[in-house]
Amino acid sequence: MGYTGQKFDVIVIGGGVMGSATAYSVAKRGHTTLLLEQFDFLHHRGSSHGESRTIRTSYSKSFYSQMVVEAAQLWEEAESEAGYKVYHKTPQFDMGPSDSKSLRCAIANCESSSMTCQVLDHAQVSDHFSGKITVPDDWIGVLTELGGVIKPTKAVSMFQTLALQHGAVLMDNMEVINICKKDDDDGGVAVYTSNRNGDKFCGKKCVVTVGAWMQKLVKSVSGLSLPIQPRETYICYWKIKDGHHGDFTIEGGFPTFSSYGEPHVFGTPALEFPGLIKIGVHEGNTCDPDKRTWGPPVSLEPIKRWIEERFSGLIESTAPAVIQSCMYSMTPDEDFVIDFLGGELGTDVAIAGGFSGHGFKMAPLVGRILADMTLHGEANGVDLRHFKLARFEGNSNI
């Protein structure tokens, strides 16, 4: 392949948004970088494809809010370097019962961090959105300034292009089957692939960002059983009724949105498909990432009712116009995993996964963090204690 004899400063395994952002961050600092992807680049088998992801600061856990602020700045810096947009700004609107603990915590976090936050009662919600959104009398709405839509496939391509421009080597259809600590005087790690040539790549450090395949690869490499469970989820696009298409666009002032409670709904304005709005539910069925059903959701009745009640009959709720399949990688607490693998591989291998359906927006920051960890042994400016493997010590294999 031409690179098997070269020792890279950092080898990144996994060419989704996290791995691509990491490769970019490492290469931008002038370090030799190799990015390996098991499938074609920009494939649709994982969690980094599609046309829209939301970005928001409205979190019930304050450390995520602070991370999103930095991530938003890094998105704009990468866009500036690339010369095109992947991040389309619009406000974020959260709604739910007025006694929702999570929603109240999100409000408190915004207020304590001096982030722009407007709390609306049910009448004010209807007035603000001119009747396009309505909520029950005992619900509230929360409007925050930092929101928007990120274009996933375009964003992954952007990070890969920028990494190439900074000298990184990118290879797809390279499934990694083992990572071993080198026992020669040079140290570092050896990464082995399953292709017919049995290619071996050497690096001083390694980063593993393989999404839904994290549990499988880490188990085979180190024996650790990470509590990261892949789930197959479905994204639905619903038809906006005639005469109202412009009301549900970013240009028309429509926000990204989330609804607390059951069902836990999220969505984006009409953008990728003219006349369709993305509305999904934060849930999924456990799956093996290599043996997915690719079938439709079991039941759409809860979200159909939610659409009819929230959008004043302006969205066709009988059936979605488009259904797409995606994957989550869930941890028990829905917090990320960002840590050194430890054991025999020590600090030579860093892992990042378990993003639990809310990590995409953080990608450039996660890339910066992983670059810091591999190049300097620690991340600057971010408290990673929430993401440590040690919190799973109840698992006998951790």
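1. Strand S4 and strand S8 (residues 147-150) run antiparallel and are joined by three bridges. Within this pairing, Lys89 has Gly148 of S8 as its bridge partner. The model under discussion is a predicted one, and the remarks below should be read accordingly.

2. The S4-S8 pair belongs to an open sheet of three strands, ordered S3-S8-S4, with antiparallel pairing. Strand S3 (53-56) and strand S4 (87-89) form the edges, each pairing on one side only. From one strand to the next, the twist averages 30 degrees.

3. A helix accompanies this sheet. H2 lies across S3, S4 and S8, and its direction makes an angle of about 120 degrees with S4.

4. Helix H2 (residues 62-82) also packs against helix H5 (residues 152-165). Two packed helices are described by the angle between their axes and the distance between the axes. For H2 and H5, the angle is about 65 degrees and the axes are 10 Å apart. The crossing of these two helices is left-handed.

5. Which residues of H2 and H5 meet? From H2 come Trp75, Ala78, Glu79, Glu81 and Ala82; from H5 come Ala155, Met158, Phe159 and Leu162. By class, the residues of this contact comprise seven nonpolar and two charged, with no polar residue.

6. The geometry of H5 can be checked against its length. With 14 residues at 1.5 Å a residue, H5 should span 20 Å; the C-alpha atoms at its ends are 20 Å apart, so expectation and model agree. Beyond the helix comes Gly167, which has a positive phi, near 100 degrees.

7. An α-helix has 3.6 residues a turn, so residues three or four places apart point the same way.

8. Is S5 mostly covered or mostly exposed? It is mostly covered, with five of its six residues buried.

9. S5 has two pairing partners to consider. With strand S7 (residues 139-144), S5 pairs in the antiparallel sense over six bridges, and Phe93 stands opposite Leu143 of S7. With strand S14 (residues 256-259), S5 pairs in the parallel sense over four bridges; here Asp94 has Ser258 of S14 as its bridge partner. Strands of a sheet pair through backbone hydrogen bonds, either parallel or antiparallel.

How values were computed
Residues numbered from 1 in each chain as written. Predicted model: local features only at pLDDT ≥ 70, side-chain atom pairs only at ≥ 80, totals over all residues. Heavy atoms only, no water. Axes fitted to C-alpha atoms, helices over the stretch in contact; angles between N-to-C directions. Left-handed = near helix turned anticlockwise from the far one by under 90°. Contact = heavy atoms within 4.5 Å. Nonpolar A, V, L, I, M, F, W, Y, C, P; charged D, E, K, R; others polar. Expected span 1.5 Å × (residues − 1). Buried < 20%, exposed > 50% of the residue type's maximum accessible area, 1.4 Å probe, protein only. Pairing = 2+ DSSP bridges.
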